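These are my notebook entries on a structure that I had not examined before. I recorded what I looked up, one topic at a time.

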2 protein chains.
Amino acid sequence: MQYKWMDNVRKVEPYVAGEQPKNADVIKLNTNENPYPPAPEVRSIINGMDTDILRKYPDPTISDLVNALADYHGVGHDQVFAGVGSDDVLSVAFLTFFAGDKPIIFPDITYAFYPVWADVYRIPYGTAPVGADFRINAADYMKENGGIVIANPNAPTSIWEAVDFFEEILKNNPSSMVIVDEAYVDFSNGSVLPLLEKYDNLLIVRTYSKSRSMAGMRIGYAIGRPEAIAAMNDIKQSINSYTLTQIAIASGVASVNDEKYFALSCAKVVATRDKYDAVLRSIGFSGPKSQTNFLFFRHERVGGNEIFKRLREQNIFVRHFSKPAIDDYLRITIGTDEEMERLTQALKDIVK
Amino acid sequence: MQYKWMDNVRKVEPYVAGEQPKNADVIKLNTNENPYPPAPEVRSIINGMDTDILRKYPDPTISDLVNALADYHGVGHDQVFAGVGSDDVLSVAFLTFFAGDKPIIFPDITYAFYPVWADVYRIPYGTAPVGADFRINAADYMKENGGIVIANPNAPTSIWEAVDFFEEILKNNPSSMVIVDEAYVDFSNGSVLPLLEKYDNLLIVRTYSKSRSMAGMRIGYAIGRPEAIAAMNDIKQSINSYTLTQIAIASGVASVNDEKYFALSCAKVVATRDKYDAVLRSIGFSGPKSQTNFLFFRHERVGGNEIFKRLREQNIFVRHFSKPAIDDYLRITIGTDEEMERLTQALKDIVK
């Protein structure tokens, strides 16, 4: 018999990421990327880099980026952890903080990677159902648990919960790390960061992939108490000593230093979102009021999968999840106004 | 009580990487980096890159690099897995293949990260003692086990074992994945790659950090049977969908495509190694005949820690491991001839 080693292989059901077509003609509204380029200084840094330094390992402490982010957020230099995108950061956080025997809890409709990390690391978990309006019910997170993770704004629902919602959860769960995944927070009404001073069990996770237009550079980070960040660094140093390259570190710092470009780019996405929120509602779509860089909409007559397929035939990619409760919905990333206009024309034709 | 969430934190003892001093004056012979820059085309690619593409996620399948490496090694495109340095690749391999209940085995003197990955992923393990000459005894790997990992050449010993040594182990362990960590193979008498056709339980791990002068770009890869690579990709897609950036992928391909530069750069390191092997022996050092880009030497009179400290005072960094069996030894990375000459002068002074 061949492949007898397969008995020792870990069984998993991997996360399925949105497609990254190599065809440049695609209108790509399927992975919540930013339609605008990174801050101009990012280009200068990469195109002017002395590549001879690549012969050496990068700084394992990632200190230039960690310090820049800490200063930006007004926290200590020992309160930021950086990784290869927020997926890497969340993966390390799951490993670090969810090592107890009790099940962790997260919403049943949320980022589909949470159960995948739980499975691969053999972390017991349970899900709490969101309401018919997709709102998360804070009371569901008051029972005994080994940890909590909630995306805010939540994906793919695009709904944001206010700071007191999280304060209630944090206050009632002193023995659990509560991870708030703020991937989309820069398009929303605000962060739970002010709670960090009061609650030691809060970990906030952020990404460069959405608001900072740097999905391709793979940078994410967490903000927490020094004790929490130290615990994450111990796990990180038990997996891979050197993660972010010098190129990622330097360009990550450049992005943080250009607040004007960042604010402008976020404002443009939000303006386009609010404009096309109204436009799509006018042709029979409905869904939550988005606080993200995407819309989570369904049409009054045509099914989600049907629209998904017909858009795809026209090289317009959006995201559709074949999951009963959200099967009617599409997750549509906010592109440029021009891209949204072409999407609108295509949708008008499909739903007419 | 504060920090009650600490009860749920995973307990680990992290790997301690060699120092990455920010001071440019240091003669850095402590992390087995290459003294020569990456292939010239790597610079052109990075300095000419259109950074607007960074707004998009990179290719999650890393196909350009995977295909280039597969073609280079003469294996199928479904036989290569790429990751963020060989540490990432090994970490994924441990998670993937070592999920059984039986202990995995590796030598007691070897890459110090192996027990760390086993601990963080709660993989049971045992070590097999190397001989007084630091040679690995193949018979130790014939008992029941959940997997095997051996570095060849081994680190920090610098010793290479021949292909039939591994064939014996592979043949006797059909139910175990046998990982051969070939980080230093390009400075040695050769790879176990020819065994892959005959044994389905072989996984070979390689890195860009040593022979390809790209430690700072974080690229490693594994070569195995399609079934093994598929299992690793499932685990990778359960941790982080997007790992290598477009910059890493493109510059990784450029390095593979410049075989002439690669061969020349390896030959230079080997020539310097063999020259200073003789020089250091002439002043009282001894140790194995290296098949790597470092020497593992001790001095007949002066202790390892003593030499380590005195070199450090002169801004010459080498690596010393405070572990009983190898406490007398230093691991000295091969630098340029000029760096090795300065090291030699300093050593002469220390041991005189």
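Entry 1: I began with B:Arg122, which takes a positive phi of about 55° just after H4(B). Helices (H or I, at least four residues) and strands (E, at least two) are DSSP runs, numbered from the N terminus. I noted that the model is predicted: local features need pLDDT of at least 70, side-chain atom pairs count only at pLDDT 80 or more, and totals for chains, interfaces and linings use all residues. Residues are numbered from 1 along each chain as its sequence is written, while chains are lettered from A and ligands numbered from 1 in the order in which they are written.

**Entry 2: helix H4 of chain B.** Is H4(B) enclosed or open? I found six of its eight residues buried, so H4(B) is largely enclosed by the rest of the structure. A residue is buried if 20 or more other C-beta atoms, placed from the backbone, lie within 10 Å of its own, exposed if 12 or fewer, and partly exposed in between. The buried residues are B:Phe113, B:Tyr114, B:Val116, B:Trp117, B:Ala118 and B:Val120. They pack against H6 of chain A, and in chain B against H3, strand S3 (104-107), strand S4 (125-128) and strand S5 (148-151).

**Entry 3: the interface.** I next asked how many residues of chain B are in contact with chain A. There are 75, and they meet 76 residues of chain A; contact requires C-beta atoms, placed from the backbone, within 7 Å. On the chain B side, the elements that give two or more residues are H1 (40-47), H3 (85-97), H4 (113-120), H6 (226-236) and H7 (246-257). H3(B) gives the most, with seven residues. By class, I recorded 35 nonpolar, 25 polar and 15 charged residues on this side. Ala, Val, Leu, Ile, Met, Phe, Trp, Tyr, Cys and Pro count as nonpolar, Asp, Glu, Lys and Arg as charged, and the others, Gly among them, as polar.

**Entry 4: helix H7 of chain B.** In H7(B) I listed the buried residues, among them B:Gln246, B:Ile249, B:Gly252 and B:Ser255. What covers the buried residues of H7(B) includes H7 (246-257) of chain A, together with H1 and H2 (63-73) of chain B.

**Entry 5: chain A as a whole.** I counted 10 helices and 12 strands in chain A. Of its 352 residues, 55% count as buried. The C-alpha trace spans about 60 × 55 × 55 Å along its principal axes. Among contacts between residues at least 6 apart in sequence, 74% join residues at least 24 apart.

**Entry 6: two helix pairs in chain A.** The axes of H3(A) (85-97) and H6(A) (226-236) come within 9 Å and cross at roughly 105°; axes are lines fitted to C-alpha atoms, for helices over the stretch in contact, and angles run from 0 to 180 degrees between N-to-C directions. The two helices are therefore roughly perpendicular (65 to 115 degrees). A:Val92, A:Ala93, A:Leu95 and A:Thr96 of H3(A) and A:Ala231, A:Met232, A:Ile235 and A:Lys236 of H6(A) make the contact. I classed these residues as six nonpolar, one polar and one charged.

H8(A) (259-282) and H10(A) (337-351) pack at about 10°, with axes 11 Å apart, which makes them roughly parallel (under 35 degrees). Here A:Thr272, A:Tyr276, A:Val279 and A:Leu280 of H8(A) meet A:Asp337, A:Met340, A:Thr344 and A:Leu347 of H10(A).

Conventions: Two residues are in contact if their C-beta atoms, placed from the backbone, lie within 7 Å. Angles under 35 degrees count as roughly parallel, over 145 as roughly antiparallel, 65 to 115 as roughly perpendicular and the rest as oblique.
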